[in-house]
Amino acid sequence: MDRLRTRWIIFSGLAIVVIVSYLITIKFKTAPSPATLKAYKYLDTLPEKSVVIFSFDHEASSLPEIQPIALAMLRHAFKNDLKIVGLSLFAEGTAIGYDLLSKTAREYDRQYGSDYIFLGFKPQYISAILGMGESIKRVFPEDYLGNMTDTMPIMLGIDSYDNIEMVVSIADGDRTVQWVEYAGARYNQKVMAGLTAAMITSYDPYLSSEQLYAVVGGLRGAAEYENLLDKRGGGSRGMLAQSAAHLYILALVIVGNIIYFRNRRRGGGG
Amino acid sequence: MDIGILVAGILTLAVFSFLYKDNPVYKAAESWLIGLSVGYALVIFWQTTIIDLLLVPLFSEGRLILIIPFLLGLMMFSRFSKKTSWLSRIPIALMIGAGAGVAIPAMLYARTLKQMSASVMPIIENGSLNIEAPVVALGVISTLAYFYFSREHKGVMGSTARLGTYFLMIFFGATFGYTVMSRMSTFIGRVDFLLTDFLHLIK
């Protein structure tokens, strides 16, 4: 019963800390990390009508963290009048990807088929990534809505990675690695990523070896990107809550250690 | 209120109820999530793989070459019988062979050769000491020493391996920290949804 009560107190405390700090409307400025700044600058300096692939390679469960990153980067791309080719190499990311793309396109009054397209999901991601190096229209003969891709205006000048400036993989797992290993290494395609925070350390070797162009990582990365874009979103809104939650966890770690060492000194073990 | 938001809000609260203790409401939400995820993935795979890549090209467009992968696919089901299970080895062998052929060169290049070249950095850069270079070299060598089991970890080898464990601990610590941050972000994302879309407490 004691353990249950302790757990209940800890979780309730965290909920209170997060909810209260969420209700406080302080604008939290976050200095951009070099990786986020690099991603922003690249999309910002691309000429109008350049083509960027957004690949939604994630599960629904990571949406709370992925959505602010995806929205910030999509808003930036649409704002700068870039053409977007959306797709998914993860079944669960398909409907989410289409939804995020359509929602952002509406904000900037962009037209489906001429300013952006969603190609949908393709199984066997390795053969899909490799196949797109030869012909995107052959890998995706139809888009998500069932239109023939070779009849869509946006696809008229696009056939392979030769016509793509950047692949942005929005991921919560290792799908970005496959983009790096197959599109990057074989076709010299530039790849950047929007990742959940848990994945950042796994991708550091690819970032430092310059195989991955840039990374926008976690809610913090989303907040940094939103600040650069000067458009407040889910990332900026959550930063105060995240900082407060981290301080709360730090306090718990300190209190837990004090209790542990006190009990050990009394001879009671852990 | 939109029915989707209402259902999502109720299910979010149902999942959070587990933080108090395991209960039937949480179990129901958990089962819904698993059922919907599996059902959704099954429909997507059925449409994009079986229908789009096999049945339509084979029967509507008459691409008879697809009979070969169709038969290879059927052979996978031979595992259900002891007498015919040997047949499944043929498609498995093909898959492993093709997979390894495609993956090994790419992985060797991206995960080994490129990482090796990135680990070698100039110690003096633009006339000043690049502190990152010796730290990276020390980290790579000592961590590899830790995973080298053909020689007993004693003397210099033991000290180097021990140093490697510190580098590993730093990596695990950073990963753990980021994972905590990730889980907090997920929680904050749901709180954002509950307070803005579900309860309309903030705009």
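Predicted model: local features only at pLDDT ≥ 70, side-chain atom pairs only at ≥ 80, totals over all residues.

Visitor: In what order do the six strands of the open sheet of chain A stand?
Guide: The pairing in this open sheet is parallel. The twist from one strand to the next averages 15°. The order of the strands in chain A is β3-β2-β1-β4-β5-β6.

Visitor: Which strands of chain A stand at the edges?
Guide: An edge strand here has a single partner strand, so one side of it is left without a neighbour in the sheet. The two strands of chain A in that position are β3 and β6 (215–217).

Visitor: Which residue of β3(A) is the bridge partner of Gly86(A)?
Guide: Strand β2 (residues 83–88) of chain A pairs with β3(A) in the parallel sense over four bridges. Within this pairing of strands, Ile84(A) stands opposite Tyr116(A). For Gly86(A), the bridge partner is Phe118(A).

Visitor: How many residues of β2(A) are buried?
Guide: Both faces of the strand are covered. On one side Lys83(A), Val85(A) and Leu87(A) are buried, and on the other Ile84(A), Gly86(A) and Ser88(A). The count of buried residues in β2(A) is therefore six of six, by the criterion of 20 or more other C-beta atoms within 10 Å.

Visitor: Which helix makes a β-α-β unit with β2(A) and β3(A), and what is its angle to β3(A)?
Guide: The unit is right-handed, and its helix is α4 (residues 93–107) of chain A. This helix lies across β1, β2 and β3 of chain A. Its direction relative to β3(A) is about 170°.

Visitor: Through which helix does the chain cross from β1(A) to β2(A)?
Guide: Strand β1 (residues 51–57) of chain A is joined to β2(A) by five bridges, and the two run parallel. One of these bridges pairs Val52(A) with Ile84(A). The β-α-β crossover is right-handed and passes through helix α3 (residues 63–79) of chain A.

Visitor: Which residues touch the most other members of the largest nonpolar core?
Guide: This core has 88 residues, and α3(A) gives the most to it, with ten residues. Leaving aside neighbours within four places in sequence, Met192(A) is in contact with residues including Ala39(A), Met166(A) and Val168(A). The residues that touch the most other members are Met192(A), Leu212(A) and Val215(A).

Visitor: Why does Leu228(A) count as partly exposed?
Guide: Leu228(A) lies in helix α9 (residues 218–229) of chain A. Beyond its neighbours within four places in sequence, Leu228(A) is in contact with Pro32(A) and Tyr40(A). A residue is buried at 20 or more C-beta neighbours within 10 Å and exposed at 12 or fewer. Leu228(A) counts as partly exposed because its number of C-beta neighbours inside 10 Å is 18.

Visitor: Which helix gives the most residues to the side of chain B that touches chain A?
Guide: In this interface, 37 residues of chain B are in contact with 39 residues of chain A. Helices α2 (24–60), α4 (89–119) and α6 (155–198) of chain B each supply at least two residues of that side of chain B. Its residues divide into 23 nonpolar, ten polar and four charged. With 18 residues, the helix that gives the most is α6(B).

Definitions and conventions. Residues numbered from 1 in each chain as written. Chains lettered and ligands numbered in written order. Pairing = 2+ DSSP bridges. Right-handed = clockwise from strand over helix to strand, strands pointing away. Contact = placed C-beta atoms within 7 Å. Nonpolar A, V, L, I, M, F, W, Y, C, P; charged D, E, K, R; others polar. Core = buried A, V, L, I, M, F, W, Y, C linked by C-beta atoms within 7 Å. Axes fitted to C-alpha atoms, helices over the stretch in contact; angles between N-to-C directions.
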